[in-house]
Amino acid sequence: MRVDSTSAIVTGAASGLGNAVARALATEGVRVFGLDLSAAVETAQPAHGITYVAADITDVGDVERAVALAAGTGPLRTVVNCAGVAPSARILGRAGVHDLALYARVVNVNLVGTFNVMSLAARAIAETDADDGGQRGVVINTASIAAFDGQIGQAAYASSKGGVAALTLPAARDLASHGIRVCTIAPGIVDTPMMAAFSDQVRASLADTVPFPRRPARAEEFAQLALAVIAHDYLNGEVIRMDGALRMAPG
C-alpha cells in the first residue's frame with residue numbers, strides 16, 4: 001500500500017517507538033497525527049510532517065476528535081498503536097496482593113486503548129476510496145514478547161499484551177470486508193527512553209540475553225518493520241516477533 005500524501009495516526013508518538021514510527025512515516029510523505037498525553041505532547045520534539053495531538057487513547061471523545069482531525073486532511077490510511085504502560089508487580093508480593101486498580105489500568109491502556117483507537121479509526125478508513133487492490137488501510141498494533149514469555153512481576157503487562165496479540169486475527173477478519181489489514185508487532189528489548197533509565201550494567205546484562213544481534217533493538221528498527229508491514233499487502237492477521245530470537249526467562 002502506498003502511503004505518500006495520505007494521513008496516519010500514531011499513538012505514543014511523543015517518544016520511544018511511537019516517535020520513531022511517526023518520523024519514519026513523515027519521511028515517506030505521510031501527514032502524521034501523533035497522539036499522546038498532554039504532558040508528553042508539551043515536551044515532544046517538533047518534526048516536519050508530524051502534528052502532535054493531546055489525547056487519552058482510552059477516552060472515546062479524545063480519539064474521535066483526533067480521528068476526525070486526521071481524516072479531515074484525508075485519506076486516513078494508517079494507524080500504528082504504540083502507546084502503553086509497563087508497571088511491575090507480583091500477584092502476591094511482600095506488600096500483599098496485586099493492586100486491582102493497577103491491573104485494570106494496565107489492561108485499560110494497553111488493550112482497551114488499542115481497541116478504542118483501532119475501531120474508531122477503522123470507521124473513518126472504511127469511508128475512504130479503495131485502491132486498485134481493494135485496500136483502504138492498515139492497522140499495526142504493538143504487543144510484546146511478554147505476551148508469550150511473561151516474566152515475574154509482569155502479570156498485568158503480559159495479560160494486556162497477550163490480549164493485543166489475540167485481538168490480531170479476529171480484528172483482521174472483522175475488517176477484511178472493508179479492505180483494512182491488521183497486524184501486530186511484538187518487540188523484545190528495545191532501546192527507548194524507558195531503557196535509558198537503567199544503569200549501564202543493567203543495560204549490558206539485558207543485551208547479553210539476546211542470542212543475536214547481542215544488543216537491544218533500536219526504535220528505528222521497529223519503525224522500519226512497521227513500514228515493511230504497511231508496504232506488504234499480503235501481510236494480514238499476523239503477530240510478528242522482533243526480538244533477536246530472545247525467549248525470556250522467568251525473571
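**Entry 1: the N-terminal end**

I began with D4, which is partly exposed at a relative accessible area of 33%. My cut-offs are under 20% relative accessible area for buried, over 50% for exposed and partly exposed in between, with a 1.4 Å probe and protein chains only. This is a predicted model, in which local features need pLDDT of at least 70 and side-chain atom pairs count only at pLDDT 80 or more, while totals for chains, interfaces and linings use all residues. Residues are numbered from 1 along each chain as its sequence is written, and side-chain values use heavy atoms, with hydrogens and water left out.

The partner of D4 is R2: the two form a salt bridge, and their closest N and O atoms are 3.2 Å apart. For a salt bridge I ask for a side-chain nitrogen of Lys or Arg within 4 Å of a carboxyl oxygen of Asp or Glu. By this rule I have nine salt bridges. R2 itself counts as exposed, at 66% relative accessibility.

I also noted S5, in the segment before strand 1. Helices (H or I, at least four residues) and strands (E, at least two) are DSSP runs here, numbered from the N terminus. S5 is not a glycine, yet its phi is positive, near 65°. At 48% relative accessibility, S5 is partly exposed.

**Entry 2: helix 3**

Next I looked up helix 3, residues 60–73. Its 14 residues reach 20 Å from first C-alpha to last, close to the 20 Å expected at 1.5 Å a residue; the expected span is 1.5 Å times one less than the number of residues.

Which residues of helix 3 are buried? I found V63, A66, V67 and A70. They sit on the same side of helix 3, because they cover an arc of only 100° around the axis. The arc is taken from the directions from the helix axis to the C-beta atoms. Their cover includes strand 1 (7–11), strand 2 (31–36), strand 3 (50–54), strand 4 (76–81) and helix 4 (100–126).

On the face turned away from the buried side I have the exposed residues R65 and G72. R65 stands at 56% relative accessibility and forms a salt bridge with D62, the closest N and O atoms being 2.7 Å apart. D62 and R65 are three residues apart in helix 3, so about one helical turn separates them.

At its start, a side-chain oxygen of D59 comes to within 3.0 Å of the backbone nitrogen of G61. Just after the helix, G74 has a positive phi of about 25°. The peptide bond from G74 to P75 is cis, with omega near -10°, and P75 lies in the loop between helix 3 and strand 4.

**Entry 3: other backbone exceptions**

A reminder to myself: most residues other than glycine have a negative phi, and most peptide bonds are trans. F212 and P213 are joined by a cis peptide bond, with omega about -5°. P213 is in the loop between helix 8 (200–207) and strand 10 (217–218). A245, again not a glycine, has a positive phi near 70°. I place A245 in the segment after strand 11 (239–242), and at 49% relative accessibility A245 is partly exposed.

R241 and D243 meet in a salt bridge, 2.6 Å from N to O. As for accessibility, R241 is partly exposed at 26%, whereas D243 is buried at 12%.

**Entry 4: S144**

Where does S144 lie? I find S144 in the loop between strand 7 (137–142) and helix 5 (146–149), and S144 is buried, at 7% relative accessible area. A polar atom of its side chain lies 2.9 Å from the backbone nitrogen of A146. Taking contact as heavy atoms within 4.5 Å, and setting aside neighbours within four places in sequence, I list Y157, K161, I185, A186 and P187 as touching S144.

**Entry 5: cysteines**

How many disulfides does the structure hold? I count zero, taking a disulfide as a pair of cysteine sulfur atoms within 2.5 Å. For C82, the nearest cysteine sulfur belongs to C183 and is 14 Å away, too far for a bond. C82 is buried at 14% relative accessibility, and C183 is buried at 1%.

Notes. Polar contact = N/O pair within 3.5 Å; in protein donor to acceptor, adjacent residues only side chain to side chain.
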